[in-house]
Amino acid sequence: MLRRFLYLQLDPMDARDPEDIPLQECPFYDGKLYVYNSACSMFFSPSDLSGIHGMRREYIRSCPMWRNEGPRLDCVFVVTDPQAEGMRSLDVARVLCFFFLSSI
């Protein structure tokens, strides 16, 4: 799965489904993989001035166990069409994992 993800990052114009990409075409990765359960996003929200002049901070979680009740996989907006206007440029996605690759 990681190798196919890296392939699509290197060749974003490839329209194939990731499952259809042969592993021989995918880059090999032999470094460390760090998995995180959350990320913090800071952004400007002009419609909500309750923060410091509209600055907001949101935590996005992707946890296998949340408060001993089961997984928590937050949803996010992802820009998929930068040419479209407003919300038409966004898709909704569920966060399955946050990870960092290290070659050290």
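This is a predicted model: local features need pLDDT of at least 70, side-chain atom pairs count only at pLDDT 80 or more; totals for chains, interfaces and linings use all residues.
Residues are numbered from 1 along each chain as its sequence is written, and side-chain values use heavy atoms, with hydrogens and water left out. In brief, the largest pocket comes in at about 640 Å³, there are two aromatic pairs, and a search of the whole structure turns up zero disulfides.

**Pockets**

- A pocket here is found on a 1 Å grid over the protein atoms alone: it is an open set of points with protein on both sides within 12 Å along at least five of seven lines, whereas a cavity is a set of points where a 1.4 Å probe fits but cannot get out.
- Lining residues are those with an atom within 4 Å of a point; grid points are joined across faces, edges and corners, and a volume is the space filled by probe spheres set on the points.
- The largest pocket has 15 lining residues, and Met 1, Phe 5, Leu 96, Cys 97 and Phe 99 are the ones nearest its centre.
- Helix 1 (2–10), strand 1 (32–36) and strand 7 (98–102) are the elements that give two or more residues to that lining. Helices (H or I, at least four residues) and strands (E, at least two) are DSSP runs, numbered from the N terminus.
- Helix 1 gives the most to the lining of the largest pocket, with five residues.
- By class, the lining of the largest pocket splits into 11 nonpolar, one polar and three charged residues. Nonpolar covers Ala, Val, Leu, Ile, Met, Phe, Trp, Tyr, Cys and Pro, charged covers Asp, Glu, Lys and Arg, and the others, Gly among them, count as polar.
- The second largest pocket has a volume of about 150 Å³.
- Its lining is made up of Ser 41, Phe 43, Glu 58, Tyr 59, Ile 60, Asp 74, Cys 75, Val 76 and Phe 77. Strand 2 (38–44), strand 3 (55–63) and strand 5 (75–79) each give two or more residues to it.

**Aromatic pairs**

- Rings of Phe, Tyr and Trp (its six-membered ring) pair if their centres lie within 6.5 Å; planes under 30 degrees apart count as stacked, over 60 as edge-to-face and the rest as tilted.
- The structure has two such pairs. Phe 5 and Phe 99 make an edge-to-face pair, because their ring centres are 5.4 Å apart and their planes sit at 75°.
- Phe 5 is in helix 1 and Phe 99 in strand 7, so this pair ties together parts that are 94 residues apart in sequence.
- Phe 5 is partly exposed at 37% relative accessibility, and Phe 99 is partly exposed at 33%. On this scale, buried means under 20% relative accessible area, exposed over 50%, and partly exposed in between (1.4 Å probe, protein chains only).
- Tyr 34 and Phe 100 form a tilted pair, 6.1 Å centre to centre with 35° between the planes.
- That pair links Tyr 34 in strand 1 to Phe 100 in strand 7, 66 residues apart.
- Tyr 34 counts as partly exposed at 34%, and so does Phe 100 at 45%.

**Cysteines**

- There are zero disulfides in the whole structure, a disulfide being a pair of cysteine sulfur atoms within 2.5 Å.
- For Cys 26, the nearest cysteine sulfur is that of Cys 97, 18 Å away. Cys 26 is buried, at 6% relative accessibility.
- The sulfur of Cys 63 is too far from its closest cysteine sulfur for a bond, because that one, in Cys 97, is 11 Å away. Cys 63 is buried too, at 9%.

**Single residues**

- Ser 102 is in strand 7 and is buried, with a relative accessible area of 10%.
- Not counting residues up to four places away in sequence, Ser 102 touches Tyr 29, Gly 31, Lys 32 and Tyr 34; contact means heavy atoms within 4.5 Å.
- Leu 90 belongs to strand 6 (residues 90–94) and is partly exposed at 23%.
- Leaving aside neighbours within four places in sequence, Leu 90 is in contact with Phe 77, Val 78, Val 79 and Thr 80.
- Asn 68 is in the loop between strand 3 and strand 4 (72–73) and counts as exposed at 74%.
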